[in-house]
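I opened this notebook to record what I looked up in one structure. The entries follow the order of my searches.

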Amino acid sequence: MSAAQHVQLNHTAVYASDRRLSAEFLAGILGLEVGAPFGPFLPVDLGNGVTLDYYEKRDEPIQGQHYAFLVPEERFDAMIARLEAAGVTYFADPGHTEPGRVNDLFGGRGAYFDDPDGHNMEIMTRPYARP
């Protein structure tokens with residue numbers, strides 16, 4: 001067994017100007033729930049042992065990051081519907097040049113959208129095929 005098979009991401013901090021707004025936004029789109037506050041963090045449990053711990057940072061601008069979520073094919077349409085209901089534009093590409101479209105990368109479907117602080121979120125039904 002390689003060393004990489006023993007290392008797993010447990011959590012990561014996601015900076016937000018309003019941790020509750022951002023955590024509830026993402027949880028709502030993904031069909032998840034926001035967990036109880038843990039110190040300065042507000043967690044969204046992704047169900048594979050990883051949490052996104054939203055951390056409020058108001059003293060400086062939020063630097064946008066990219067977060068990609070592997071989601072079940074049967075839940076993808078509901079996520080797109082929740083984006084549409086919330087008035088959030090989604091895109092087929094990470095550069096946000098193809099609005100209102102999804103991609104078909106690697107035999108699955110995917111879309112990109114911004115969260116309230118400009119983090120580029122991605123939902124995809126198939127993982128990237130890596131060489």
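The model is a predicted one.

**Entry 1, the hairpin.** I looked up strand 2 and strand 3, and they form a hairpin with five residues between them. In the turn I found Gly47, whose phi is positive, about 85 degrees. Strand 3 covers residues 51-56, and five bridges join strand 2 to strand 3. The two run antiparallel. I also checked one position across the pair: Val44 stands opposite Leu52 in strand 3.

In general, the strands of a sheet pair through backbone hydrogen bonds, either parallel or antiparallel.

I recorded a volume of about 340 Å³ for the largest pocket. The pocket is lined by 16 residues, and the closest to its centre are Leu46, Asn48, Ala68, Phe69 and Leu70. Which elements give two or more residues to this lining? They are strand 4 (66-70) and helix 2 (73-85). The largest share, four residues, comes from strand 4. By class, I noted 13 nonpolar residues in the lining, two polar and one charged.

I looked up the loop between strand 4 and helix 2, where Val71 has its place. Is Val71 buried or exposed? Its relative accessibility is 7%, so Val71 counts as buried, the limit for buried being under 20%. Leaving aside neighbours within four places in sequence, I listed its contacts as Phe76, Met79, Ile123, Met124 and Thr125. I also took one distance: Val71 and Glu24 are 47 residues apart along the chain, and their C-alpha atoms are separated by 18 Å.

Asn120 is found in strand 6, residues 120-124. I noted a relative accessible area of 14% for Asn120, so this residue is buried too. Which residues does Asn120 touch, not counting those up to four places away in sequence? I listed Gln65, His66, Tyr67, Pro94, His96, Tyr112, Phe113 and Asp114.

The structure holds one cavity of 30 Å³ or more. About 40 Å³ of space lies in the largest cavity. Its lining consists of Asn103, Leu105, Phe106, Gly108, Arg109, Gly110, Glu122, Met124, Thr125, Arg126 and Tyr128. I sorted this lining by class and recorded four nonpolar, four polar and three charged residues. Met124 and Thr125, on this list, are also among the contacts of Val71.

Technical notes
Residues numbered from 1 in each chain as written. Predicted model: local features only at pLDDT ≥ 70, side-chain atom pairs only at ≥ 80, totals over all residues. Heavy atoms only, no water. 1 Å grid on protein atoms, 1.4 Å probe; cavity = no way out; pocket = protein on both sides within 12 Å on 5 of 7 lines; lining within 4 Å. Points joined across faces, edges and corners; volume = space filled by probe spheres on them. Nonpolar A, V, L, I, M, F, W, Y, C, P; charged D, E, K, R; others polar. Pairing = 2+ DSSP bridges. Buried < 20%, exposed > 50% of the residue type's maximum accessible area, 1.4 Å probe, protein only. Contact = heavy atoms within 4.5 Å.
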